[in-house]
Amino acid sequence: MTAVSPLLAASHVTKAFGGVVAVDDVSLAIGPSTVHGLIGPNGAGKSTLISLLSGFTRPDNGEIRFDGQDVTRVGPARLARLGLARTFQAATPLAGLTVLENVQVALTSKYRSGLLSVLARTPAMRREAKALAAQARELLADFGLLTDADRPARDLPFGKLRYLEIARALATRPRLLLLDEPAAGLNQVEVDELAVLIGRARAGGIAVLLVDHDVSFLFSICDQVTVLNFGKVVVSGPAAEVHGSKLLREAYLGPALPADPDPPGTESRRPEARHLEAQ
Amino acid sequence: MMSRAWRARDGLVLAAAAVAVIATGLSGSSYWIYSLCLVGIYAIVAVGFNIALGLAGQVSFAQVAFMAVGGYATGLLTTKAHASPWLALLASVVLGAVLAFFLNLPFLRLRGHYLGMATLALALGVQSFAENAGGITGGALGVFGVPSLTLGSFSLAAHSRFFVLVWLACGLCLAVYQLTARSHIGRAWRAVAARPDVSASLGIDVPRARILALVLAGAMAALSGGLLAEFLNYVAPDYFGLVMIGNIFFMVIVGGMGSLAGPLVGAAFVVLVPQEMSSLGQWQGVVLLAILLGVLVLWPTGLLGDPSAAGSITALLPARLRARPARVAENGS
Amino acid sequence: MIVTLAVGIATGFVYALVAMGYSLVYRATGVVNFTAGSYVVLGGLGTWWLLNQAHFPYGLAVLGGLILAGAVAGAFWTLVVIPLWRRDSPAYVVLLSTVIGGAILAPLTELLITPQAEELPPWVSGFTVHISGSDISGQYVFVVAAGLAMLAGVSLLLRKTMLGKQLRACGASRETSRLLGIHPELAGGIIMVITGLIGGLAGALITPAQSSEASMGLTFGIFGFVAAAFGGLDSVAGAFIGGILLGTGQAFIDRYYTPNYDEVIVFGLLVVVLVLRPNGLLGKAEQAG
């Protein structure tokens with residue numbers, strides 16, 4: 001655990017649906033400028049936890065603090081304005097809007113002009129609109145989407161949709177970016193690019209909470225990792241420690257199997273992943 | 001988002017409409033001037049609804065209720081309180097906006113069907129009240145003798161003069177529509193219409209965006225109702241029932257949701273087509289509604305809607321006969 | 001007072017049957033069908049026409065009225081809803097089309113059948129029920145009995161038969177239905193026809209007690225909708241109970257308060273219910289935010 005006070009801290013958070021406890025007394029702390037991974041088998045409670053952390057669901061018990069502020073019952077819009085952004089598991093381009101407009105929409109809360117300024121077309125409003133449009137274009141350029149700016153967002157190929165998803169979230173100028181399975185469906189080249197992107201975000205002072213099934217990808221970029229299973233935290237700590245931990249293997253493979261040096265997922269992606277063991 | 005093609009077509013129709021309006025104004029034909037006065041009045045409530053539904057995706061059946069509020073407020077303020085017609089009109093618009101704010105507030109949590117049902121109940125309730133609260137609203141007979149507008153000694157009672165006012169008001173509403181639609185406000189509306197959850201995660205205040213759209217829609221509906229009252233010098237509950245609800249939806253849907261000129265086309269259709277039908281006598285109502293239904297079925301995205309979004313007409317054939325497999329899409333909320 | 005209650009319950013049964021129609025169609029197809037009320041009038045007036053203009057024997061006339069209502073329902077489904085579905089129209093366009101459909105059926109009935117209010121002869125002549133000093137038509141008993149029978153029949157259909165289970169699955173998603181081998185368009189059509197038949201029967205039953213008129217179709221449609229919304233669109237039993245409550249409530253308000261504001265009160269109550277419990281009083285309680 002870092003000595004710096006965490007950016008996002010969940011304490012003893014519990015959420016049950018009907019009779020099923022999806023998240024069971026989970027505590028998690030994400031430091032600033034850290035890439036924190038969240039993994040676990042299907043049904044481990046990751047989606048619910050993401051939903052809780054991003055304000056889409058309220059926990060039954062426990063507390064969530066963002067930058068020291070209690071945000072347990074705060075909704076997603078307010079959280080976004082406080083600096084917590086997220087992407088969604090399935091790419092969610094906003095239908096009926098162009099690629100550029102998708103990013104511009106993320107800047108809505110940055111506009112100071114209200115209805116009257118818009119109707120009167122004040123110089124201040126026009127300047128603001130121009131400046132923010134330029135910012136949106138810059139962001140698109142960073143992600144290689146500038147040439148697609150005026151295309152309908154839903155026409156983008158899958159890989160670009162993922163980038164749009166992240167570009168949009170970054171447009172809100174977050175301090176914490178929550179990425180929900182960003183690598184799913186990407187080819188190896190795209191996954192590598194994604195890793196670079198995440199590294200740049202961290203370098204830019206943005207903390208990242210990364211949820212993914214691609215274990216090798218996750219461990220290659222995360223500083224800290226939390227493993228979830230059956231709604232509980234199985235093990236949590238620096239990536240290297242967790243990677244070598246028996247508990248991680250047990251979560252995926254079950255207990256008491258001969259040691260398998262290749263956790264599931266690595267065979268299909270990077271046969272030469274063994275270098276990870278050396279960390 | 002309007003593609004280039006769509007925007008071009010929209011602009012062309014708008015220009016044609018402007019020409020038609022000016023030509024009519026100059027023509028002196030009392031029939032056409034009267035008709036286009038009505039078209040202008042209907043277009044105003046349609047533009048308002050285009051903001052609520054076409055941009056922000058709010059399926060509200062209550063638009064007609066605010067039109068009734070506007071009509072009755074104008075009618076009653078002028079006849080009972082002897083207010084000046086201009087003041088009454090202004091007060092009606094403000095009242096429409098305020099009521100739209102408060103009445104839609106509890107509905108914000110409702111989605112899809114439920115919003116539709118609640119607003120429908122509201123609209124029918126308002127009409128029923130107008131019909132039955134004889135003491136206040138004059139009951140089924142309505143309010144007579146609503147005075148026309150005057151500018152000092154210059155009376156606007158003549159239709160040819162009222163025509164100018166109506167189309168100025170309509171132009172104003174179109175301007176409001178266009179300015180908001182092209183701004184960050186309009187983008188936020190369209191985002192909320194597409195995915196309110198994603199919009200929230202991007203920092204958009206979803207309830208605020210919705211209410212803003214509904215308040216603008218309500219204000220325009222009230223303006224339309226007030227102008228109607230002063231045009232006909234008469235208000236009655238009949239105008240604000242299921243038929244008008246159907247008309248309002250029709251104008252926006254068939255005109256083309258999210259387009260600028262769409263409501264104009266829809267309004268023209270709704271006003272002019274029945275007038276051509278008057279020779280049918282008893283069958284007028286049926287034929288008209290049948291035409292409405294037919295157009296709805298054949299042009300679901302509207303005559304001026306997004307051309308790329310229209311389902312092809314071959315979609316009407318049974319699945320076996322179609323070359324491509326059926327598109328799969330669930331009804332959005 | 002008991003008389004008011006009795007008549008209210010009986011008319012409530014008609015609303016209940018219409019409401020049941022709404023609920024059935026909604027559960028099977030997700031469509032809110034505003035033509036539901038018109039079938040009552042079609043059944044009643046269709047029977048009248050066959051009886052008085054075509055001189056059919058009474059029983060056959062009733063059957064004919066039912067078939068007319070069912071056929072119109074099926075036609076509407078095929079000619080309007082199916083094309084809209086095939087174009088992936090949004091739900092509110094389909095809703096609008098049923099509103100227009102309901103609005104069209106009234107003048108159409110007026111022009112093709114009769115513009116006047118008409119009555120039918122009672123099913124059992126001279127059958128009256130004596131309640132607290134007054135005689136009311138025994139026809140109301142038939143309405144209640146038939147209503148209960150239809151409720152039982154529909155519940156059995158939904159719960160026990162294969163068709164019923166398939167229909168319940170349909171509403172969840174058209175895609176899922178297709179995957180399950182159910183043809184949503186056909187299933188929807190069947191349900192619509194059943195709704196028409198039920199409405200038509202209700203019309204044939206009530207018209208001997210209260211005259212029917214073409215314009216009442218929309219009124220039934222609106223009240224049936226309110227009843228279904230009260231009870232919960234997705235609960236057939238709830239819609240039914242909603243109808244009875246509505247009919248009874250309306251009768252009492254009319255008798256003891258004023259007939260003028262009964263609609264306003266009803267609509268106001270509906271708005272309150274929808275805001276507080278969008279799924280209706282008897283619908284599923286949990287609603288995803």
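Modeller: Chain A is divided into two parts, domain 1 (8-93 + 172-278) and domain 2 (95-155). This is a predicted model, and the domain bounds come from an automatic or database domain assignment. Taken over C-alpha atoms, the centres of domain 1 of chain A and domain 2 of chain A are separated by 30 Å. Chain A has 11 helices and 10 strands. Of the 279 residues in chain A, 43% are buried. Where contacts in chain A join residues at least 6 apart in sequence, 66% of them join residues at least 24 apart.

Now the core itself. The largest nonpolar core has 302 residues. The residues with the most contacts inside this core are A:Ala167, B:Tyr42, B:Ala213, C:Met20, C:Tyr22 and C:Val226. Helix α10 (residues 206-232) of chain B gives the most to the core, with 17 residues. From chain A, the core draws at least three residues from domain 1 (8-93 + 172-278) and at least three from domain 2 (95-155). As a general point, nonpolar side chains tend to be buried together in soluble globular proteins.

Leaving aside neighbours within four places in sequence, B:Tyr42 is in contact with B:Met251, B:Ala267, B:Val270 and B:Val271.

Next, the place where chains B and C touch. Chain B puts 42 residues into this contact, and chain C puts in 41 residues. On the chain B side, the elements that give two or more residues are α5 (112-132), α11 (242-255) and α13 (284-298). Of these, α5(B) gives the most, with 13 residues. Sorted by class, the side of chain B that touches chain C has 28 nonpolar, 12 polar and two charged residues.

Chain B also holds a helix pair that can be described in detail. The axes of helix α3 (residues 63-79) of chain B and helix α4 (residues 85-104) of chain B come within 8 Å and cross at roughly 145°. The crossing of α3(B) past α4(B) is right-handed. On α3(B), the residues that make the contact include B:Phe66, B:Val69, B:Gly70 and B:Leu77. On α4(B), they include B:Pro85, B:Leu89, B:Val93, B:Gly96 and B:Leu99. By class, the contact of α3(B) with α4(B) has 12 nonpolar and five polar residues, and no charged residues.

How values were computed
Residues numbered from 1 in each chain as written. Chains lettered and ligands numbered in written order. Predicted model: local features only at pLDDT ≥ 70, side-chain atom pairs only at ≥ 80, totals over all residues. Helix = DSSP H or I, 4+ residues; strand = E, 2+ residues; numbered from the N terminus. Buried ≥ 20, exposed ≤ 12 C-beta atoms within 10 Å, placed from the backbone. Contact = placed C-beta atoms within 7 Å. Nonpolar A, V, L, I, M, F, W, Y, C, P; charged D, E, K, R; others polar. Axes fitted to C-alpha atoms, helices over the stretch in contact; angles between N-to-C directions. Left-handed = near helix turned anticlockwise from the far one by under 90°. Core = buried A, V, L, I, M, F, W, Y, C linked by C-beta atoms within 7 Å.
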